[in-house]
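User: I am new to this structure and would like a short tour. Could you begin with the terms and then go through the main features?

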Amino acid sequence: MKKPAIPADEESRLEALRALDILDTPADERFDRLTRLAQRMFEVQIALVSLVDENRQWFKSCVGLGASETPRDVSFCGHAILEDGVFIIPDASQDVRFADNPLVTDDPNIRFYAGCPIRAVDGSKIGTLCIIDSKPRVMDEDDIVSMQDLASMVERELAALQLATVDVLTDVRNRQGFMMLAEHSLSVFEREGIEASLVFFDLDNFKPINDNFGHAEGDAALIAFAGQMKSVFRDSDIFARLGGDEFVVLLTNTAGNQAEEIIARFQRSLDEYNRQANCGYEITFSYGIVEFHPERHQTIEALLVEGDSLMYKCKKASRIPDRLKKLAG
């Protein structure tokens, strides 16, 4: 048996896959509809939307197969993502790469396989739309075009799913995207005993920017603030625009006092942006920091409510806290 090779862009490919926040999510009719269509069109036993993770292939949609995932090293789809076109195995029992593969010698006794790579928005091949049968088959050119059309439909659904969790203006996660990922992260933090802190931001004097400089400039201020978040916060942190001029970040492996230091660094970066941009106004913010305690914060919503309350107290005081001034100074 030949194990699938690792793509040259494996690191960025996995980043694109995980950015979708789709692995291990429940069945979704938009994908199930396409696998049912593929099964009927090609009259095969099995049709899958398979996503190739680091060590497994996981099925976002599966018709005709009881498993939800299989190891990557025995997967056909691991080979298919190495190709640009449709990867076709007419009879796996006669193919030296697959003849002794356990998926061929045992259930589901694969003979015919065809998989078309599906790509993320950035072009990374993150998985396949594939069809499988226990009898040898061949595909003609019309069949191949139909497979590619179905794979394109899967790609459009994935793109729509991703855009639904991204704020179009600032290109950071929106509230929905944040809630989905942060809720899952809290479960991991609690289970593994990982420290975390949430910071709730609200821009100061944002309405005057819109009133005095126009809404286009207000949008530019929001984009700039999100840009500073991207440049300062770590890959392990989860940050988002909640709506309007409210932003949030969930800091991983970070206690409350460490969060203060990170926000001070963020303040310095924003101060430097204000000096260089010289827009006629300054982007400033109020914030509230909440240290995660599983017994008190059983949901991400509980963290947000507490962070909002602390932020409001900061804003009401109408000044940067003395501790932040000292740290940022």
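Analyst: Two strands pair if DSSP finds at least two bridges between them. Helices (H or I, at least four residues) and strands (E, at least two) are DSSP runs, numbered from the N terminus. This is a predicted model, in which local features need pLDDT of at least 70, side-chain atom pairs count only at pLDDT 80 or more, and totals for chains, interfaces and linings use all residues. Residues are numbered from 1 along each chain as its sequence is written, and side-chain values use heavy atoms, with hydrogens and water left out.

User: Which strand is joined to S10 by seven bridges?

Analyst: Strand S7 is joined to strand S10 (residues 285-291) in that way, and the two run antiparallel. Within this pair, Phe200 stands opposite Gly288 of S10. S7 also pairs with strand S9 (residues 246-252), again in the antiparallel sense and over seven bridges. There, Ala196 is set opposite Thr252 of S9.

User: Is S7 (residues 196-203) largely enclosed or open, and why?

Analyst: Eight of its eight residues are buried, so S7 is largely enclosed by the rest of the structure. Buried means under 20% relative accessible area, exposed over 50%, and partly exposed in between (1.4 Å probe, protein chains only).

User: Which way do the residues of S7 point?

Analyst: Ala196, Leu198, Phe200 and Asp202 point one way, while Ser197, Val199, Phe201 and Leu203 point the other way, and all are buried. In a regular strand the side chains alternate between the two faces of the sheet.

User: Changing topic, which residues touch the most other members of the largest nonpolar core?

Analyst: Ile118, Ile126 and Ile131 do, in a core of 30 residues. A nonpolar core is a set of buried Ala, Val, Leu, Ile, Met, Phe, Trp, Tyr and Cys residues joined through side-chain atoms within 4.5 Å.

User: Which elements supply at least two residues of this core?

Analyst: They are helix H1 (10-19), helix H2 (29-42), strand S1 (46-52), strand S5 (112-119), strand S6 (125-133) and helix H5 (141-163). H5 gives the most, with six residues. A second, separate core has 28 residues, including Phe201, Ile262, Tyr281 and Ile283.

User: How many residues line the largest pocket?

Analyst: The lining has 30 residues, of which Glu15, Arg18, Ala19, Arg173 and Asp235 lie nearest the centre of the pocket. H1, H5, helix H6 (175-192) and strand S8 (238-243) each give two or more residues to the lining. On a 1 Å grid over the protein atoms alone, a pocket is an open set of points where a 1.4 Å probe fits, with protein on both sides within 12 Å along at least five of seven lines; lining residues have an atom within 4 Å of a point.

User: And where is the cis peptide bond?

Analyst: The cis bond joins Asp107 and Pro108, with omega about 10°. Pro108 lies in the loop between H4 and S5. Asn109 is also placed in the loop between H4 and S5, and has a positive phi of about 55° although it is not a glycine. Most residues other than glycine have a negative phi, and most peptide bonds are trans.

User: Is Asn109 buried or partly exposed?

Analyst: Asn109 is partly exposed, with a relative accessible area of 32%. Asn253, in the loop between S9 and helix H9 (256-277), has a positive phi of about 55° as well. Asn253 is exposed, at 53% relative accessible area.
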